[in-house]
Structure formats: C-alpha cells, structure tokens
Amino acid sequence: MNLDQLLDDYLSHVTVERGYSPHTVAAYRSDLVELISFAEARGPTDAAAIDLPLLRDWLWAATERGLARTSIARRAASARGFTAWLTRRGLLDADPGARLKAPRAQRTLPRVVTEEAVTDALASLSARAAGGAPAEVRDLAIIELLYASALRVSELVGLDLDDVDRRRRVVRVLGKGSKERMVPYGAPAARAIDRYLDEARPKIVASASASASASASASASASAGPPETRAVFLGTRGGRMGVRSVYRLVAAILAEIPGSGPSGPHAFRHTAATHLLDGGADLRAVQEFLGHASLGTTQIYTHVSSERLKQSYRTAHPRA
C-alpha cells in the first residue's frame, strides 16, 4: 500500500475513532500531503521511506522557507501522529517520530478585556436591543452567552433549541473530540436568551419565511420557505448562524474597546476564564468549565492572572 492510501486510512482513523474535528483533520491532511510529496521527491513512497532523517530534513526545509515556529511545531506533531499509527499497524519496525524534535511553539498569553470594558460593551448592546430589533436582541444574547459560559464560537453556533435548559440555566455543548459537557450561565445571560427565544427568534423565523414565500411565488417555485432548523441562533435568512457572522459581530464590538487585543470570539472566552480565576475559581473547575482535556491548557490563564497582579503591584506599591 502506497503512502497516499495509508494517509487516507489514517485520516479516517483520526476522524472516526479519535473524533478529531474537521479543522484538525484538514490541518493533518495539509501537513502530511506535504510530507509525502517531500518523500516522493527522494524515491520510493512506501511506509519505510518515512524515517527520522527524512522527517528532520522535511522540518529543516520548512524552517529554511521561513515558516513560523508554531507551523514547524504543528508539522512535527502531525508527523508524530502518523508515524505512531504506522508503527502500531506494523508497517514500521520502530517509530521515527518518537525521536523527532521541533522548536517549541512560542506561547503568547491571551489578552483579555477588563471587567469594566465588558460591562460597558454589554450595556451598549443592551441599549441597542432596547428598541426590540430582532438582530440586536439576538446579538446581545450571543455576547452575553459567550462571556457567561466561555463557549468556543463553534460550540455557540452549534447549539440547538434542545441544548438550552432555561429552567436550570445551562447549555449542553459538543466540544473538541465530540466531548459533551454542561455549562452554566448567569442571570443577565438568562434574561437576554429568554428575550431572544421568546420575542426575537420567532420574528426572524417569520420574516425569513415570508421572504422565502415571496421569492418562491415570484419564481413559481414549489419551495415553501426556508429550511427548517433547530438552531438557537439564526441569521436573517432563518438558517443557522455561521462562525464568520459571529466573528464579525465580536470584531465590531471589540473595535470600540481600545487595547482590547484580539478581535475574535475567543477574546470573550479568554476573558471569562481569566475573570473566573481572578474571582477565586478553582483551576480544575475552570478546566471543566472550558472543556479542556489537559489542565496544562487551562494553566495559561493563571499566568494571565499573575501578570495582571504584577502590573497592579508595580502600579500601586510604593517600593515596587
């Protein structure tokens, strides 16, 4: 079996058996297709071609092209996963990836929004939503939930109506690796979500249905309206809201906050996690709240809190 066939089998393995997300599988595919092309340029393309010298040369070539340390580290991780799988299948006598070293990706501390800035942003959104415009009521509910529950944007747009327990104020989300968890949200988010679901979402559905019916009549089509969806958050056409739409919403909000850092929805996830730790939350509780598989991933937020403490110390202490 050649390397291309083995790669297809491996990607099926990590998708079905390991539960990797489509984004992760796509990254693995990109890296390993490049590795196989590099191997093919040297000669035979069976599994035995993937040895340690080849892997080292491949990473070195990427370094020479000026790729970032994070990209090199990701390629090394992709290769290690592939060679470990080849070894388990008996196609390699020893795993060359186990001895492959790559530069550690530089880990930058996530930048967070201050509590005061978050409060001001939510107050501004609430004022806009006071007029009752469905999209603005929806936007307030989105931001309240992102901050209240520290959801990933993919988790937020993936929510269905059955995933929201309004009585207990929790949402059921499907995180990385198809792992399910229950995440609470507070009273302000509950008010925003209840108003959206009771008032704004039905208006969005009705408007989308009317628009689709008018379009169908004009084109003499048999279509009876927009596709049925159980999604919580809907776009103006009545379908599930997409990741890019949420990114644009968050970017617009954070653009109004000077020095708020990154403009993506993860800014609210980082902010919520840091504010939890600042408020005395247990690290393992925050790990479970965020859906991190490893405590080490969560620990980066302790560094953020420490940096904030140091900054406050330097600013306030007379002998700092």
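Colleague: How many helices and strands are there in the protein chain?

Modeller: The protein chain has 13 helices and three strands. Helices (H or I, at least four residues) and strands (E, at least two) are DSSP runs, numbered from the N terminus. This is a predicted model, in which local features need pLDDT of at least 70, side-chain atom pairs count only at pLDDT 80 or more, and totals for chains, interfaces and linings use all residues. Residues are numbered from 1 along each chain as its sequence is written, and side-chain values use heavy atoms, with hydrogens and water left out.

Colleague: What percentage of the residues count as buried?

Modeller: Of the 320 residues in the protein chain, 39% count as buried. Buried means under 20% relative accessible area, exposed over 50%, and partly exposed in between (1.4 Å probe, protein chains only). The protein chain exposes about 17,400 Å², by the Shrake-Rupley method with a 1.4 Å probe. Carbon and sulfur atoms supply 51% of that area.

Colleague: And what share of the contacts join residues at least 24 apart?

Modeller: The share is 61%, among contacts in the protein chain between residues at least 6 apart in sequence. A contact means heavy atoms within 4.5 Å.

Colleague: Now the rings. How many aromatic pairs does a search of the whole structure find?

Modeller: The search finds six aromatic pairs. Rings of Phe, Tyr and Trp (its six-membered ring) pair if their centres lie within 6.5 Å; planes under 30 degrees apart count as stacked, over 60 as edge-to-face and the rest as tilted. Tyr10 and Phe82 form a tilted pair, 5.3 Å centre to centre with 55 degrees between the planes. This pair links distant parts of the chain, with Tyr10 in H1 (residues 3-16) and Phe82 in H4 (residues 69-88), 72 residues apart. Both Tyr10 and Phe82 are buried. Tyr196 and Phe233 form a stacked pair, 5.3 Å centre to centre with 25 degrees between the planes.

Colleague: Why does the pair of Tyr196 and Phe233 tie together parts that are 37 residues apart in sequence?

Modeller: Tyr196 lies in H8 and Phe233 in the loop between H8 and H9, so their pairing joins those parts of the chain. From C-alpha to C-alpha, the two residues are 9.1 Å apart in space. Tyr196 counts as buried at 1% relative accessibility, and Phe233 counts as buried at 3%.

Colleague: Which residues does Tyr196 touch?

Modeller: Not counting residues up to four places away in sequence, Tyr196 touches Val137, Arg138, Ala141, Arg201, Pro202, Ile204, Val232, Phe233 and Leu234. Val137, Arg138 and Ala141 are among the buried residues of H6.

Colleague: How far does H6 reach?

Modeller: H6 has 16 residues and reaches 22 Å from its first C-alpha to its last.

Colleague: Which residue follows H6?

Modeller: Ala150 follows H6. Ala150 has a positive phi of about 55 degrees although it is not a glycine. Most residues other than glycine have a negative phi. Ala150 sits in the loop between H6 (134-149) and H7 (153-157), and is buried, with a relative accessible area of 0%. Arg169 also has a positive phi, of about 60 degrees. Arg169 lies in the loop between S1 (164-165) and S2 (170-174) and is partly exposed, at 35%.

Colleague: Finally, which residues does UniProt list for "active site"?

Modeller: The unreviewed UniProt entry lists Arg152, Lys176, His266, Arg269, His292 and Tyr301. Its positions are given in the numbering used here, feature names are shortened, and annotations may be inferred rather than shown by experiment.

Colleague: Is Lys176 buried or exposed?

Modeller: Lys176 is exposed, with a relative accessible area of 60%. Lys176 is found in the loop between S2 and S3 (180-184).

Conventions: Expected span 1.5 Å × (residues − 1).
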